[in-house]
Amino acid sequence: MNTAPVPLPGAPTDRTLVMGIVNVTPDSFSDGGQWFDTDVAIAHARHLRTQGADIVDVGGESTRPGASGVAPEEEIDRVVPVVAALAGDGATVSVDTVHAATAAAATAAGARIVNDVSGGLADPALPAAVARAGAVYVLGHWRGTPATMTSLARYDDVVAEVRAELTDRVGAARAAGVPAEKIVLDPGLGFAKDAAHNWRLLAHLDALAGLGHPVLVGASRKRFLAGVVPDRLAAEPLARDNATAAVSALAAAAGAWAVRVHEVSTTVDAVRVAAAWRAGR
Ligand code: PMM
């Protein structure tokens with residue numbers, strides 16, 4: 001699987017990278033507004049870095065199923081102070097947004113990665129904003145919007161269809177001026193996918209990597225993991241962290257470029273285990 005590093009100064013190249021999640025939202029599915037205050041969000045991101053996060057991913061809009069959108073102005077107010085503080089620390093910062101205006105403001109404030117779960121579908125102006133900023137573009141697969149995506153989780157062959165739809169989105173990003181070596185692909189677990197679709201995509205990460213770009217996996221605390229935790233804990237997103245770390249290890253062993261997680265310390269160990277395992281071959 002393709003592990004070619006995208007240009008990220010200072011990031012390790014000998015193992016899968018760990019992207020720590022900082023949701024500056026009042027309504028994220030898994031951490032319920034815990035980090036909504038700017039100072040609390042900055043402190044949380046710094047804590048994730050001390051735990052070993054290589055990248056911090058700052059988001060100001062919840063994309064959980066059924067969520068309604070946030071105006072870019074509000075999103076910018078939420079994320080830019082956090083991005084600026086972390087970039088000032090020397091952190092590698094990613095902004096999790098589907099809006100061109102937010103991508104532009106966050107990259108101007110020091111973000112080096114734009115993480116767009118819609119792959120340019122939500123705001124067709126976003127890839128050009130990424131290109132202008134010279135940022136790395138994490139391009140995710142989704143269908144519809146968070147309001148409609150559950151009903152769009154219908155596939156004859158989820159791996160082939162996600163691959164084909166990502167190929168289209170890569171074409172649009174390239175046409176907007178994003179260089180191929182700055183594009184990272186994400187299967188978009190949970191975005192218009194049910195549990196079986198997510199597991200099938202995870203088991204076929206190599207098919208996505210076959211498109212020639214590094215792959216990022218975002219499984220952290222997602223509902224499909226409830227099926228592998230004890231029944232009494234199934235409804236509790238925080239109880240999915242051990243399962244998340246197991247997915248991180250397996251994704252890393254399969255050659256993922258990065259994994260995006262809420263709980264960083266277990267995943268850092270997991271990707272290190274995977275690197276040591278590979279080195280032992
Ligand atoms: N999932 C969420 C948000 N952002 N970004 C990427 N690249 N991949 C994902 O799978 C992804 C994402 C939704 O989860 P959250 O509300 O816990 O952040």
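Entry 1, aromatic pairs. I noted that this is a predicted model, and then I searched the whole structure for aromatic pairs and found two. In one of them, the ring centres of tryptophan 142 and phenylalanine 191 are 6.3 Å apart and the planes stand at 55 degrees, so I wrote this pair down as tilted. I then looked up where the partners sit: tryptophan 142 is in the loop between strand 5 (136–140) and helix 5 (158–175), while phenylalanine 191 is in the loop between strand 6 (183–186) and helix 6 (195–203), so the pair ties together parts that are 49 residues apart in sequence.

Tryptophan 199 and phenylalanine 224 have ring centres 5.0 Å apart with planes at 75 degrees, and because an angle over 60 degrees counts as edge-to-face, I recorded the pair as edge-to-face. This pair, too, links distant parts of the chain, since tryptophan 199 belongs to helix 6 and phenylalanine 224 to the loop between strand 7 (216–217) and helix 8 (241–253), 25 residues apart. Are the two partners buried or exposed? Tryptophan 199 has a relative accessible area of 34% and is partly exposed, whereas phenylalanine 224, at 7%, is buried.

I found histidine 99 in the loop between strand 3 (93–96) and helix 3 (100–108). Its relative accessibility is 14%, and because the cut-off for buried is under 20%, histidine 99 counts as buried. Leaving aside neighbours within four places in sequence, I listed the contacts of histidine 99 as Glu61, Val70, Pro72, Glu75, Asp123 and Leu126.

I looked up the secondary structure and found nine helices and eight strands in the protein chain. For 281 residues a compact globule would have a radius of gyration near 19 Å, and I noted that the 17 Å of this chain agrees with that. The C-alpha trace spans about 40 × 40 × 40 Å along its principal axes, and 52% of the 281 residues count as buried. Among contacts with a separation of 6 or more, 67% come from residues 24 or more positions apart.

The accessible surface of the protein chain comes to about 11,300 Å², with 54% of it belonging to carbon and sulfur atoms. Last, I looked up the charges, and the mean positions of the 24 positive and 30 negative ones are 5 Å apart.

Technical notes
Residues numbered from 1 in each chain as written. Predicted model: local features only at pLDDT ≥ 70, side-chain atom pairs only at ≥ 80, totals over all residues. Heavy atoms only, no water. Helix = DSSP H or I, 4+ residues; strand = E, 2+ residues; numbered from the N terminus. Rg over C-alpha atoms; globule rule 2.2 N^0.38 Å. Buried < 20%, exposed > 50% of the residue type's maximum accessible area, 1.4 Å probe, protein only. Contact = heavy atoms within 4.5 Å. Areas by Shrake-Rupley, 256 points an atom, 1.4 Å probe, with all protein chains shown as cover. Lys, Arg positive; Asp, Glu negative; His and termini not counted. Charge placed at Lys NZ, Arg CZ, Asp CG, Glu CD. Phe/Tyr/Trp six-rings, centres within 6.5 Å; stacked < 30°, edge-to-face > 60°.
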